[in-house]
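I opened my notebook to look through a structure one feature at a time. Come along and check each entry against the picture.

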Amino acid sequence: MASSFEQMRANVGKLLRGIDRYNPENLTTLERYVETQARENAYDLEANLAVLKLYQFNPAYFQTHVTSQILLKALTNLPHTDFTLCKCMIDQTHQQEERPIRQILYLGNLLETCHFQSFWTSLEENRELIDGITGFEDSVRKFICHVVGITYQTIEHRLLGEMLGDPLDTQLKVWMNKYGWTENEDGQIFVYNQEESIKPKNIVEKIDFEKTAWT
């Protein structure tokens, strides 16, 4: 049986084709679709951008809650640039004056600048922001693991736990197993096996000085 998201996706796809894409009468359907994405841990960037564009064209229809959900869903898709795309389509007045939006933008900045411990602290103080956003924290942890994977060769167990929001030790091991990371007796986690990594090669470029000399 198809999920609510899958059923709505087909209908929304039809709405977004052609000139009807920016018909404000479609906002109710599109906003309900955003709610469905949040509830079912699904994602449709094109539809969400269409909502924000409709808010630009029709400021009186602006909904802070829906916009907040769109921003939070965009954060779940880091390191892709969805969050920046959505942010650029929101009027500066709303960014500065609507507290939920302001807080989410702050959280996004912390994630994009890799201040992960500060992110979790701030999120804990504003947990109402992610009410109804299924899978938000695990999506963020997936992004953090991506950053760790391209940044570290080894990392302390304690530090990784802090970066991932201090999950239970069993949960931390699940993330380690997911990425094939191992830990030694000293609490050092090996992010990847250096012996299996590709060794850098010395690249020598030969330049023909006769051809490059000034004439």
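Below are my entries, starting with how the values were made.

**Ground rules.** This is a predicted model, where local features need pLDDT of at least 70 and side-chain atom pairs count only at pLDDT 80 or more, while totals for chains, interfaces and linings use all residues. I number residues from 1 along each chain as its sequence is written, and side-chain values use heavy atoms, with hydrogens and water left out.

**Helix pair.** I looked up α2 (residues 27-40) and α4 (residues 64-75), whose axes come within 10 Å and cross at roughly 45°. That makes α2 oblique to α4 (under 35 degrees is roughly parallel, over 145 roughly antiparallel, 65 to 115 roughly perpendicular, and the rest oblique). Helices here are DSSP runs of H or I with at least four residues, and strands are runs of E with at least two.

Most residues other than glycine have a negative phi, and most peptide bonds are trans. I found a cis peptide bond between L78 and P79, with omega about 10°. P79 sits in the loop between α4 and α5 (82-88). C114 is not a glycine, yet its phi is positive, about 65°. I located C114 in the loop between α7 (99-112) and α8 (116-125).

**Sheet.** I traced 3 strands in an open sheet, ordered β1-β3-β2, with antiparallel pairing (two strands pair if DSSP finds at least two bridges between them). The edge strands, each pairing on one side only, are β1 (154-156) and β2 (182-183). β1 meets β3 (residues 188-190) over 3 bridges, and E156 stands opposite Q188 in β3.

Methods
Axes are lines fitted to C-alpha atoms, for helices over the stretch in contact, and angles run from 0 to 180 degrees between N-to-C directions.
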